[in-house]
Amino acid sequence: MIPAHRGPLVRTVASGVLVAIAVIASMHALTLVIDPGPWLTAGTTGVVLVSATTCVVRYLLLRNAVDRAAARRAAGQGPSADRAADRAAGSASFFATTAGLLVAVWFVLARYGGPGQRFEPFVGPDSVEQALERFRQATELMSTQVAPVDPGPAISMVAVGGTLLVLLVVDSLAGARMPGFAGVPLLLLWTPSLTLIGDVQWQVFVISVTAMLLLLTVDPVGLTPGRRSDADSAAVRRAQRFRSGITAVTSVAVAATSLGVASGMAALPALAGTWNQLISTPSDTVELSSELDMRQPLSARSSNTVLTYTMAEGEPAGPLRVMTLTAFDGVQTNRNVPTGGLAEFDPSTVLAPPGEGADGERLRMDLRIGQLDGAELPLPLEPRTVDVQGDWAYDPLRDEVRSGEGTEQGAPYTVEIVERGLTPELLRAAPMSGDPRSAGYTEVPDTEHRDDIAAYAQEVAGDAPTRFDAAVALQNHLRSGAGFVYNPDADYRGSSDTVWDFLQNKEGYCTQYALSMMVMARSLGIPARIGVGWLPGRPDGDGSYRVTGQDSHAWPEIYFPSVGWVRFEPTPQVQTGPLPSYANPGTGTAPSASPTPSRANEVPPQQPTQRPDQSEAGATNDTSSGSQMSDQTLPGWAWVVAVILALGVLGGAAWLLLRRRTEVEELDPERAWARVLALLAEREVRLGPSVTLRRAPEVIADQVRARTGTPLPDDVAERLTALADAAEDERYARDSTPPTAAELEELTATVTAELTEALTRPR
């Protein structure tokens with residue numbers, strides 16, 4: 001514990017260091033959604049510079065206010081001095097935060113506002129313009145990329161700037177004497193990892209929580225004048241050291257215990273399952289519904305494991321489809337389309353709808369059912385063979401493998417995927433005749449804005465030369481071409497035409513994106529349907545992949561004669577990941593016309609950023625990368641400047657500390673009484689913890705009589721009582737006029753000399 005008698009310097013530095021440690025640790029939580037890189041170094045450098053600035057400014061202002069308050073007290077203006085000191089404390093916190101904000105803005109502009117990735121210390125309007133442009137790019141990238149993203153300059157700037165903003169909020173709360181609330185803003189740095197990944201590194205948790213708990217042990221930085229080591233008795237100082245150790249140990253123990261409980265619950269399947277059920281779903285199993293409702297916001301999805309799988313070689317081959325949907329009434333889908341008849345099959349039968357055939361490379365996939373309840377078996381989209389135990393049959397029209405008994409938890413099955421070798425050239429060359437029109441794949445719901453939707457689709461893709469180019473144009477328009485954003489809370493309840501309202505509001509999740517593209521494609525006479533299933537999931541750490549209820553997804557499929565049904569992905573990349581190689585925006589011809597020019601130009605078309613290990617055929621460079629710039633670290637001269645600044649700050653702090661120690665502090669009643677107690681302690685005269693200031697002179701006189709055999713002289717007792725009364729008034733009186741520093745010096749010197757003489761007098 002760092003109590004008030006340590007003075008504003010020690011407490012300011014301790015508070016600033018703890019805040020900086022907590023913010024730097026929390027910044028590393030972002031590495032789960034942003035790949036580590038030089039932005040971590042830049043962020044740490046910025047935190048150190050901003051923290052040093054706020055600490056120095058806060059201390060200088062507080063030190064000045066302390067001196068003024070002491071002068072007023074010495075002049076007998078105690079109450080007015082206290083009121084002025086309180087106002088000065090608030091001003092110190094405000095100006096410290098303002099100075100930190102200016103340094104933070106300068107650092108971000110200097111680091112990311114230049115034309116390249118060089119550190120430019122001299123910033124101007126061009127730096128602001130460049131930073132705003134990168135912020136715009138970052139918002140687009142965050143709406144189209146899937147975590148973890150590459151730390152390009154735009155993303156790096158937002159990460160570093162956001163970290164410095166959180167630092168300023170935390171520091172201002174700590175400086176405003178509200179350390180209990182200071183840890184709350186740190187959750188802003190944890191939120192991306194918690195919402196997108198569902199995890200935060202244990203190191204981040206322990207360090208951040210421990211630093212915030214230790215911050216509670218620092219007395220809030222205020223204007224209590226610093227005191228020398230004689231400010232309290234030896235017993236008080238021992239108690240303070242004991243509390244300091246206990247508080248520190250307790251802080252670390254609380255953080256470690258919390259982490260241990262969380263880790264233990266995650267490690268024990270029974271407990272983990274119970275916890276997941278409490279926060280996600282009351283059911284032990286997950287089942288996909290065939291009724292997709294465009295009006296409803298996305299409900300909470302289960303975190304339970306749907307299935308796990310391993311690939312014999314290669315990466316996952318896209319999503320796993322459970323069912324296909326065709327009927328749509330403008331609001332929701334249903335399964336009223338008849339089946340094509342169920343057929344038996346064996347492990348050697350290639351399962352694919354009519355018109356889909358392939359002799360390409362085969363990929364083996366071993367799957368195991370988790371907490372999934374359904375009549376359909378999750379399967380890849382390409383033609384495949386299936387080796388599964390049980391009474392399963394194949395529906396070639398819906399391209400589904402179904403069973404009356406449904407899935408069984410823990411049941412394994414094996415799939416061999418037969419790749420069709422889809423390419424833009426193959427799809428562009430597909431004939432225009434031979435569509436499966438009998439199943440209603442071109443039916444458009446008769447809604448209020450049916451003609452408006454058709455006109456919208458015509459303007460987006462009506463000039464496309466082939467069906468493939470039209471499909472890519474529709475996909476690009478919804479995915480990243482006209483300001484559409486992924487929003488799971490989009491609510492279209494009360495809408496009379498959900499597709500049209502979505503196309504106008506431009507916010508939604510996979511259901512709105514998939515069904516809207518299906519309706520627009522059908523408006524152009526292109527057969528389309530909806531696939532429902534699961535995204536590929538995430539690596540499970542042992543070479544396998546884990547799919548949970550959070551990975552449920554819907555997407556449109558377009559029919560190409562002689563090729564078959566092909567998946568497209570209009571939902572933004574933040575939810576779905578990279579596009580299939582054949583459907584990449586760089587390979588399609590998307591007309592520039594837009595049905596809503598007033599909003600279409602808000603976000604220009606761009607290619608979603610792809611990581612090196614996710615490169616796809618025909619992909620173009622990320623638009624945010626500008627002129628082939630790379631996010632390199634600070635140049636050598638910038639590090640020299642940073643070191644010089646750091647040394648200057650440390651040197652200034654050391655100078656202030658030495659100056660503080662050599663200053664002659666003015667005596668006040670509390671210090672004067674402490675000197676008397678220190679003298680008595682040296683003579684083995686101690687007051688018990690229950691002795692009040694009012695009774696202290698009497699107790700001291702009794703102990704002197706017991707030690708020497710003679711009573712304390714009346715004049716000495718009177719002066720001792722006067723000193724105790726002055727200390728009592730300073731502690732408890734609402735309004736008091738303490739003796740001046742000179743009077744206290746004379747009174748204290750007289751009392752200590754007389755007590756020394758009385759206690760050394762022979763009996």
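Select R362 and V418: R362 stands opposite V418 in β10. The two strands involved, β5 (residues 362-369) and β10 (residues 412-418), run antiparallel and are joined by 7 bridges. Strands are DSSP runs of E with at least two residues, helices are runs of H or I with at least four, and both are numbered from the N terminus. Two strands pair if DSSP finds at least two bridges between them.

This is a predicted model, in which local features need pLDDT of at least 70 and side-chain atom pairs count only at pLDDT 80 or more, while totals for chains, interfaces and linings use all residues. Residues are numbered from 1 along each chain as its sequence is written, and side-chain values use heavy atoms, with hydrogens and water left out.

Next, select strand β2 (residues 320-325), where 6 of 6 residues are buried (under 20% relative accessible area with a 1.4 Å probe, protein chains only; over 50% is exposed, and in between is partly exposed). β2 pairs in the antiparallel sense with β6 (residues 379-380) over 2 bridges, and there R321 has L379 as its bridge partner.

Move to helix α14 (residues 498-505), in which T498, V499, W500, F502 and L503 are buried. The helix is followed by K506, whose phi is positive, near 65°.

Now display helices α19 (residues 669-682) and α21 (residues 714-732), which pack at an angle of about 135° with their axes 8 Å apart. Axes are lines fitted to C-alpha atoms, for helices over the stretch in contact, and angles run from 0 to 180 degrees between N-to-C directions. Which residues of α19 and α21 make the contact? They are P669, E670, A672, W673 and V676 of α19, with L720, L723, A724, A726, A727, E730 and R731 of α21; contact means heavy atoms within 4.5 Å.

Finally, show the whole protein chain, which has 22 helices and 17 strands. Of its 763 residues, 49% count as buried.
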